[in-house]
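Reader: I'd like to learn how to read salt bridges off a model. Can you walk me through it?

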Amino acid sequence: MQRQYPRLNNAAKYYYMTGWHEPASVTELAINKARQDSLGAELQAIVSNAAAACNLISHSWAEANNALALKGFEASGTELRVLPPNVVEALRREMGPLYDELASQAAQFRKVIENYFVFKQQHDVWARASEQIWHSELRDA
């Protein structure tokens, strides 16, 4: 049975990709630390593994179904477009000052964003050496 997707063109004429949040969406689970610590090691492991499974299942579902969703959007009249390079550059340019402003206002945000960019620098080495080449050169070979 073919999935029925909502008529995106009822809300938007264009669908721009790749979204700024890409390459993937994630789910989050927030638990009060004191409550989590009171669960005991076995229940903590169950919660941790259940959260990880939900993320993996959600990501896998999206990977399997996004192409069909795009076809459905096109069939209903929504035009698929790629974000123009000047828009991506403008987003990049504006995010730096915004991150700085938020970091100056909230220590937790500063801690998260600093750790994120340290991780990103490390991960970019792997992505350029493997993932980027696989997606752009090897996959269709």
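Author: A search of the whole structure turns up 3 salt bridges, a salt bridge being a side-chain nitrogen of Lys or Arg within 4 Å of a carboxyl oxygen of Asp or Glu. This is a predicted model, where local features need pLDDT of at least 70 and side-chain atom pairs count only at pLDDT 80 or more, while totals for chains, interfaces and linings use all residues. Residues are numbered from 1 along each chain as its sequence is written, and side-chain values use heavy atoms, with hydrogens and water left out.

Reader: Which residue meets Lys-120 in a salt bridge?

Author: Asp-124, at 2.7 Å, N to O.

Reader: Where do Asp-37 and Lys-33 lie?

Author: Both are in helix H1 (residues 33-37), again 4 residues apart, and their side chains pair at 3.1 Å, N to O.

Reader: Is Lys-33 buried or exposed?

Author: Buried means under 20% relative accessible area, exposed over 50%, partly exposed in between (1.4 Å probe, protein chains only). Lys-33 is exposed at 56%, while Asp-37 is partly exposed at 43%.

Reader: What about Arg-81?

Author: Arg-81 bridges to Glu-79, with the closest N and O atoms 2.9 Å apart. Arg-81 is partly exposed at 29%, and Glu-79 is partly exposed too, at 37%.

Note on methods: Helices (H or I, at least four residues) and strands (E, at least two) are DSSP runs, numbered from the N terminus.
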